[in-house]
Amino acid sequence: MSLDDKRGKGLSFTPMGIEDNNMRNGRGLSDQWADSVVVRPRTTERHITVHKKLVLGFAISILTLIIVTAIAVLLSVSFEDCTVAESSSRAGNGTSTKPNQSRDGNFNHKDEDTQPWRHLRLPTSLRPRHYDLKLSVYMDNFTFSGEVNIEFECVNSTKFIVLHTDRLEVEKVVVYSDNKKPGVMRIHRQFHYPSNQVYVIALHREMKPLRTYKVNITFEAQIENELLGFFRSSYVLHGERRYLAVTQFSPTHARKAFPCFDEPIYKATFRISLKHEASYLSLSNMPVENSVTDNDDGWVTNYFSRTPRMSTYYLAWAVCNFTYREALTDSGVLIRLYARPNAIMSGSGDYALQITKRLLQFYEDYFKVKYSLPKLDLLAVPKHPYAAMENWGLSVFVEQKILLDPEISSFSYQMELTMVVVHEICHQWFGDLVTPVWWEDVWLKEGFAHFFEYVGTDFLFPKWNMEKQRFLTDVLHEVMLLDGLASSHPISQEVFEATDIDRVFDWIAYKKGAALIRMLANVMGQAVFQRGLNDYLMTHMYGNAARDDLWNKLSEAMQREGKDINIKEVMDRWTLQMGYPVVTISKNESLDHAVTITQEHFVYDMDAKIRDPELFNRSFQWHIPLTLAVGNSTHISPEAIIWVSNKTETHKVGQMDEETWLLGNINQMGYFRVNYDLHNWRLLIGQLMNNHAIISIGNRAGLIDDVFNLARAGFLPQNVPLQIISYLPQEKEFLPWHAASRALYQLDKLLDRTEDYSLFSDYVLKQVAPKYHKLGWPTTSPDGSFMQAAYQAEELQREVIMLACSFGNKNCHRQAVSLISDWISSNKNRIPPNVRDIVYCTGVSLMDEDVWEFIWMKFHSSTAISEKKVLLEALTCSDNSFLLTRLLNLSLSSDLVPDQDVIDVIINVGRNPHGRHLAWRCFREKWDILNARYGEALFMISKLISGVTEFLNTEAELSELKDFIHTSSGGGAVAAFARAVEIVEANVKWHRLYERQFYQWLRKSPNG
Ligand SMILES: [Zn+2]
């Protein structure tokens, strides 16, 4: 599954925190339970004697209490039985009786036997084998009816069939006994238990182990107008609105479309048939085996081939009137890209289709495991809660992440789209074929798919150099911002409730997962890593696996090479502990040619409240694979890993003197920050000024990111980062500039409403100006040639223009204004696609209202998806409160702005210093509506919360935030609010402690 990622676009660079994290997970809760049974101080002998009578009385009361409770429980149970039995089959709308159980899910066996539906997980006594699912889809009134026949095996004898349903109207249930005694089994009672989204069928007699049974359920439901389960959306073709219906089952929404055992471990085979009007076509995971037209009503029924064993959340189908283009891989897999007929006609899908063909081949070669299905369909839908979803054989993408118009799309749009496709195709192996056992290890599939976005894109376009370069800024630097918070969480997090499941799809799972996998791949060496993955996939294909299964296979691969590293022992430190270390390297004063290395947990705000002492522990230690360069040595061997496992260690290194600098974490392969004493920082800055090429591109970007963040957290004086960027005028490479502009953006948002702001912006402009004048503006539209060439030159030019325009370079402003004026007067858009977002935004912010209206008009008339998005973003750049308010209102109350873009509009208004208070106010006023609309897609609501709050930085705003949280219902977003408070507190604290020091240096700076 791809989450909607903004990779450093527009003037908005890349935001600090996007995704969710938690405090409210199972371990925290079990702590509360532990507290209540805390051991009391011992009662003394004397107390016992004195209070003997009291104790006796107490004992009697306890006994009475137990008896009364027992009776009450019995009564309440039978009472509840009556009520639920009565309300049976009124699916989805029953009132929930709060389950009286410990929330850690550890139900005792007795409860599981008597009331298994109260358990948060399905009872383990039954295992589905095969589903026959027949659906009739009524597009005229957006309903569907279905019949599912589930064949399952009994593992432990039980009278209960408990399976998931949500919002389904169950009509009829029949249970068949196994083949030995064929016949219908009598049902004692059946009911829906909404709080756990399960349907319970209690039989008269027990089912026996090792026998198979069948349950047949007929049901009805709505094709919802939202983004989960089986839902509908629409588009306009030749002035006529057309509808389509498609599924999104991950993580827990298959139960909204048919009764099923909706947990990833319950893999089964599926045979699906879809009946619908003949004017529509239907798709599912497998190819159509047989298609039958009904003579009476003319409707079509498509019978799809049986799937391999798979998890329910990867099942998918769609009913639409799309058209397609197709391609065939060398190994005979048929790939089709389905989209709106006009998009197919214009060729917007061709790019994704061609790269998919190459990617299937790439992954088959890399993993040495064939793609499992005969076909792969890619479906471009106008509306989707995520960027894309990797349903096996039928991956669904939101149009912006798969349709490309090469002549008007910017490079960053193309890159983003490419990576989403690479990500989803990877999932066909990591996810569909081998599925994580449970959601706590969702990072196993998402971390891999995210890591392979870079590896796979390098295969497609080797010159882009994604894994060695872009990975650093877009993944490593990005996630270290989040994971440096006290409200972060371990990458493997315990998951019990449905709301926990949405919570685990966050940047920690995706980006930290990818960063750890990259670190591990580099420690192991590419070839050995690849062999380990092959073994893992071969062993667990069509099944499920947990992280230990992976560690075992990778350890075995290492052992076969004669390298005895216990991967589990190393990786448990990184996956079960939250956060990451900062490693401090300094020359050892007493021992020649030796360095002292220390590690400690890096946290931005050391005073941040420890919300969960078990998760957040300052004495955390990691097994750190440290690589070290000593002095101006150009030859650095990545083989020479120093394993740092203790708080402080001393290691002998090469020849050193006073002027030799040390540089740790070569090419930023490791997931940690590196700090040095001030003398070493001075030497490094000197090296950058004199001859920066001695230090690798990746390390130059890494030094910039580390230095800004170490200063932000108070590890370094505020002038050190400002000093380091004074080498930038000499920097010719894109990546260090990109790292710098991301770091400067963070600072900019912290400072953009301060009195002395111009001291800062002038200093930045001074570093940017020489490069800006040297590189100039792009003159011609790219013709797609960058797909073959290195993109870095164009991206550097773009990055520098973006810095120049957003920090107020007059020449840059004039250029942007003249390009817009030319467009308006000639009605020909000659603005190069790669800088359109910068030009539009700058134009809207500097020019009068007419320009805003012009862009608004173009937003409506444009049919190109990429262009529409850029135009919409530009509208948020105005400094006119009236226009910004109008935009916010129109986005929220009309269908002029697509649902998934509304959140971006609010966030982008909040990034604009003139719009910050508007977005913040709008967010609070419309919270109930927003939460109702997006709350179930937790990722979106979390992104919104961090987007509108992360740049609040005054005491007044902090208390507004706290008041708001206090008075409103957070829903599933409690964790996102907790993190928002921590970030705003840190912002306020930064101003209190460092703002003066920061500006003082700028006032005195010779470069300032
Ligand atoms: Zn994914």
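The axes of helix 8 (442–460) and helix 12 (526–540) come within 15 Å and cross at roughly 140 degrees. Helices here are DSSP runs of H or I with at least four residues, strands are runs of E with at least two, and both are numbered from the N terminus. Axes are lines fitted to C-alpha atoms, for helices over the stretch in contact, and angles between N-to-C directions run from 0 to 180 degrees. Helix 8 and helix 12 are therefore oblique to each other. Angles under 35 degrees count as roughly parallel, over 145 as roughly antiparallel, 65 to 115 as roughly perpendicular, and the rest as oblique. Helix 8 passes helix 12 in a left-handed crossing. A crossing is left-handed if the near helix is turned anticlockwise from the far one by less than a right angle, and right-handed if clockwise.

The model is predicted, with local features needing pLDDT of at least 70 and side-chain atom pairs counting only at pLDDT 80 or more, while totals for chains, interfaces and linings use all residues. Residues are numbered from 1 along each chain as its sequence is written, and side-chain values use heavy atoms, with hydrogens and water left out.

Follow helix 8 onward. The loop between helix 8 and helix 9 (466–483) holds Asn 465. Phi of Asn 465 is near 55 degrees, a positive value in a residue other than glycine. Most residues other than glycine have a negative phi, and most peptide bonds are trans. A cis bond occurs elsewhere, joining Ser 250 and Pro 251, with omega about -5 degrees. Pro 251 sits in the loop between strand 10 and strand 11 (269–276).

Helix 9, helix 16 (697–712), helix 18 (734–751) and helix 31 (974–1004) each supply at least two residues of its lining. A cavity is a set of points, on a 1 Å grid over the protein atoms alone, where a 1.4 Å probe fits but cannot get out; a pocket is an open set with protein on both sides within 12 Å along at least five of seven lines; lining residues have an atom within 4 Å of a point. Grid points are joined across faces, edges and corners, and a volume is the space filled by probe spheres set on the points. The whole structure has 16 cavities of 30 Å³ or more. The largest cavity has a volume of about 180 Å³. It is lined by 15 residues, and Phe 708, Asn 709, Arg 712, Ala 743 and Gln 746 lie nearest its centre. Helix 16 gives the most to this lining, with five residues. By class, the lining of the largest cavity has eight nonpolar, four polar and three charged residues. Nonpolar covers Ala, Val, Leu, Ile, Met, Phe, Trp, Tyr, Cys and Pro; charged covers Asp, Glu, Lys and Arg; the others, Gly among them, are polar.

The axes of helix 16 and helix 18 come within 7 Å and cross at roughly 15 degrees. That makes helix 16 roughly parallel to helix 18. Their crossing is right-handed.

Now turn to the largest pocket. About 1,000 Å³ of space lies in it. Of its 35 lining residues, Ser 234, Arg 241, Pro 382, Asp 895 and Pro 898 are the closest to its centre. Elements that give two or more residues to the lining include strand 9 (229–237), strand 10 (240–248), helix 25 (881–893) and helix 26 (899–911). Strand 9 gives the most, with five residues. By class, the lining of the largest pocket has 12 nonpolar, 12 polar and 11 charged residues.

Helix 25 and helix 26 pack at an angle of about 160 degrees, with their axes 9 Å apart. They are therefore roughly antiparallel to each other. Helix 25 passes helix 26 in a left-handed crossing.

The sheets come last. Two strands pair if DSSP finds at least two bridges between them. Eight strands form an open sheet of mixed pairing, in the order 5-4-8-2-1-11-14-13. Its edge strands are strand 5 (184–185) and strand 13 (288–293). Five bridges join strand 13 to strand 14 (residues 300–304), and the two run antiparallel. Val 288 stands opposite Phe 304 in strand 14.

Another open sheet has three strands in the order 3-7-6, paired antiparallel. Strand 3 (158–164) and strand 6 (187–193) are its edges, each pairing on one side only. Strand 6 and strand 7 (residues 198–207) pair over six bridges. Arg 189 has Ala 202 in strand 7 as its bridge partner.
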